[in-house]
Amino acid sequence: MRQQIRPLVAGNWKMNGLGPSLSEIALIAEGLSDHQHRLDALICPPATLLAAASAKTAGTALAIGAQDCSTETHGAYTGDVSAAMVVDSGGSAVIVGHSERRQGRGETSADVKRKAERAVEAGLQAIICIGETEQEMLDGRTEEVLLRQLQESVPAGSQAVAVVIAYEPVWAIGTGRTPSIDNIAKLHAFIRRSVIDLLGDEGRKLRLLYGGSVKADNAAEIAAIEDVNGALVGGASLKSGDFLGIIKAF
Ligand code: PEP
């Protein structure tokens, strides 16, 4: 039977967005009012817009989060943004371990776990990303890779209120390609079993997001999959109409 888990639809703006883009955030917040009774929604703009986006959405149901945070709490880490700084800017969540940081910036699962720990300590919800590369998928190693990333990235004793898992096949991010619905279902069921093994009963409550080329026109069939409890959306979160279409589907 499908579990009653409140969905989360999260948008990752990556390195996109300047001051004028805040108007899109305002439109998303406005459109969310028709759906906020049944799901949560989050936009993660670049760090430079965190405070302004938080001010813009004050009093609305749209949450604002960061795309990354430091493994450290404070100190001589030039360029890093700490979890407490995200909170100070009005953020309530942070994405950690996105593949663009794992692959592109050499972050290890140990780094991701430290970031998630700092986030949760600061009171943020940590959205921990996992996902296999195309070669790993072709080699038939997807489950092995996902299990290892979960074991090494998810802090012990994680609670469902504080931690969300986003499954994002690296080869599906920004490519317009997605796994088949059957494959998403199979892998989300695998991730569910794995988080129950890791966290016990709490693992039954964790939100499992799918990410990778989610658009308004494929969101409904993805949303219908058991054990998909929301989406992490890149490109289609930049325009309010596209993102609201996905919110509607969930
Ligand atoms: C992402 O960056 O997390 C992502 C899923 O991107 P896109 O939706 O553009 O594939």
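The lining of the largest pocket divides into nine nonpolar, six polar and eight charged residues; here Ala, Val, Leu, Ile, Met, Phe, Trp, Tyr, Cys and Pro count as nonpolar, Asp, Glu, Lys and Arg as charged, and the others, Gly among them, as polar. The model is predicted: local features need pLDDT of at least 70 and side-chain atom pairs 80 or more, while totals for chains, interfaces and linings use all residues. Residues are numbered from 1 along each chain as its sequence is written, and side-chain values use heavy atoms, with hydrogens and water left out.

Which residues lie closest to the centre of the largest pocket? Of the 23 residues that line this pocket, they are Lys14, Met15, Gln67, Asp68 and Arg101.

The ligand comes next. It is surrounded by 14 residues, the closest being Lys14, Glu168, Gly174, Ser213 and Gly234; a residue is near a molecule if one of its heavy atoms lies within 4 Å of it. By class, this shell holds four nonpolar, eight polar and two charged residues.

Individual atoms can now be located. A polar side-chain atom of Lys14 is 2.6 Å from an oxygen atom of the ligand. For His98, a side-chain N or O atom lies 2.9 Å from a ligand oxygen atom, and for Gly235 a backbone N or O atom lies 2.9 Å from a ligand oxygen atom. The protein covers 97% of the 290 Å² of accessible area that the ligand has on its own, by the Shrake-Rupley method with a 1.4 Å probe.

As for the whole protein, its C-alpha atoms fill a box of roughly 45 × 45 × 35 Å along the principal axes.

Technical notes
A polar contact is a pair of N or O atoms within 3.5 Å; within protein, one must be able to donate a hydrogen and the other to accept it, and residues adjacent in sequence count only if both atoms are side-chain atoms. On a 1 Å grid over the protein atoms alone, a cavity is a set of points where a 1.4 Å probe fits but cannot get out, and a pocket is an open set with protein on both sides within 12 Å along at least five of seven lines; lining residues have an atom within 4 Å of a point.
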